[in-house]
Amino acid sequence: MTTRPVRTAVLWVPDWPVVAAMAVAGVDAHVPAAVLTHQGVVAASAVARSAGVRRGMRRRVAQERCPELVLLAADDARDVREFEPVVVAAETVVAGVEVARPGLLLLPADGPARYHGTEEELARALVEAASSAGFEPQVGVADGILAAVLAARADDVVPPGGSRAFLAPRPAGDLVHAVTDPGGVAAVRAAVDLWWRLGVRSLGDLAALPPESVSGRFGDLGAWAQRLARGEDLRPPARRRPEEDLAVGADLDPPALRVDVATFAARRLAEELYELLSRRGLACGRLRITARTEESELERVWRTDDAATGGLSAARITDRVRWQLEGWLTASSARRGRDGDAAPAPIVHLALAAEEVTPAGTHQPGLWGADAGGDVRARRALGRVQGLLGGDAVLTVAVQGGRDPRDRVHLVPFGEQAPPARDAALPWPGALPSPAPATLLEEPLGARVLDAEGREVVVTTRLEMPGPPVAILLGEFEHSSRPSSARVLEQPDGRSNTAATAVVGFAGPWPLHEQWWEPGGGKRRVLLQVVLDDGRGLLLAASGGAWQVEAVYD
């Protein structure tokens, strides 16, 4: 027995990324504008589209089409933040909504439509509420999410039971409008392109295929697309329940110049926030610390313990605030000392906010694995060490963007949510290909790479080697003063590192020329991966004709 799809209403603000960016930047509506990433234009205003600007265009092409085009940077956080007034306005009409993505809201339409009289009246009420926030939305109602989204783009209400007929003539490419995760758009477009070449060019063509054939040939993506094409539900919209912000703050009078004075105020705020969480039976996933000085506002987000521990205690909240204040006030003193003023900027306001709030005790630990308790105990031990030695004394490793393994290491104080200096998701031309080495030596070790004639292997400017590497000779170290890097490379059978080890395979070389614009010409290196006859893998780097061991592979 098939169930009738839930009537779904969708509120859609056209071109939301560029609308939000223009609102923040103060760009007038009559000015052509577009949001740009490293991949090109991702959103364009109606005025810009009338001048020929389209999504996917490169910066130069877009500016050729419209010389007066204002280019604005993409910012996901800004899009979410600016969409919140629209969400709040919609919740004055309907008690709960689901934010599918910034610019798109989903909500069940059956109950609200009965309350307002008809679905058309519900749509009108939503438009009026969102318009009061300063935006011009469109609302659609239909059976199923895809039909409702496309109905909103047409500003239409599809009668009950009419979604499949409404969807049938539309191109299969319209499936991308139902994707809520930007990372899934590419996969949907690739599948649509394949279907087009196979003759499945409309949503009606896709809906008419046998479900078992679609699922067997195209997997979960095909089953998802066919259900949407038939006007069926994946799931009913989840209602967002607006929660009161769990935040506390206090003005410091007189302003705090010392860490101990600010920490005393932070302790009261920590106890107040902990009491607020405990009274409501909640735990938080992140703690946001905000301090306002007479010069600026400082903010940092800390990740708290696993939900199984019930979140942070008041004492541990105080510890994190103290560590953060120490860092801020020390940095302020150093900066002002360079300017001739040794006194740090005093803190005039301190605030704490609990984020990612969930009911406490709802997390069920596993019977084995990292979730069985060992990970939690390790986190508690690290927290105690951090409390004794300071916030920067315990560091964890994160991955950041870079071209060689050493550049990709990002050290972060344990528990701190610090964004990396370089985005690892961006393309890094010339980066060392996978797999990454398992051990990065603290200090690179000297080595000699030899060919079959016993000569030093030299990489020419054309990235050619006169002869392939057949042996490697590691540097000699005194046993009593060996650095830790040398111990990593000790021979498995106890032989001296000065003995040549045969090379059974190699990959590369790969050139690396960074900061070529610097006066000295930047950094030039060549990377080479080798596998030795004893099973070890090494990453070698050559600079100025000398080879060094940078890292070791498992």
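In which helix does alanine 23 lie? Alanine 23 is part of helix α1 in this predicted model. With a relative accessibility of 46%, alanine 23 counts as partly exposed, because that class covers values between 20% and 50%.

**Helix packing**

Helices α1 and α4 pack with their axes 9 Å apart, at an angle of about 90°. The two helices are therefore roughly perpendicular. On the α1 side, the contact involves Trp16, Pro17, Ala20, Ala21 and Val24; these meet Arg78, Asp79, Glu82, Phe83 and Val86 of α4. Sorted by class, this contact has seven nonpolar and three charged residues, and no polar ones.

**Sheet**

Four strands form an open sheet in the order β5-β6-β1-β7, and the pairing is antiparallel. Strands β5 and β7 stand at the edges with a single partner strand each, so one side of each has no neighbour in the sheet. From one strand to the next, the twist averages 25°. Between β1 and β7, which run antiparallel, there are six bridges. Leucine 11 is placed opposite valine 139 of β7.

Helix α4 also packs on the sheet, where it touches β1, β5 and β6, and its direction makes about 20° with that of β6.

The residue ranges of the elements are listed below.

| Element | Residues |
|---|---|
| Helix α1 | residues 16–25 |
| Helix α4 | residues 76–90 |
| Strand β1 | residues 7–12 |
| Strand β5 | residues 98–101 |
| Strand β6 | residues 104–108 |
| Strand β7 | residues 138–143 |

Terms used: Residues are numbered from 1 along each chain as its sequence is written. This is a predicted model: local features need pLDDT of at least 70, side-chain atom pairs count only at pLDDT 80 or more; totals for chains, interfaces and linings use all residues. Side-chain values use heavy atoms; hydrogens and water are left out. Axes are lines fitted to C-alpha atoms, for helices over the stretch in contact, and angles run from 0 to 180 degrees between N-to-C directions. Angles under 35 degrees count as roughly parallel, over 145 as roughly antiparallel, 65 to 115 as roughly perpendicular and the rest as oblique. Contact means heavy atoms within 4.5 Å. Ala, Val, Leu, Ile, Met, Phe, Trp, Tyr, Cys and Pro count as nonpolar, Asp, Glu, Lys and Arg as charged, and the others, Gly among them, as polar. Buried means under 20% relative accessible area, exposed over 50%, partly exposed in between (1.4 Å probe, protein chains only). Two strands pair if DSSP finds at least two bridges between them.
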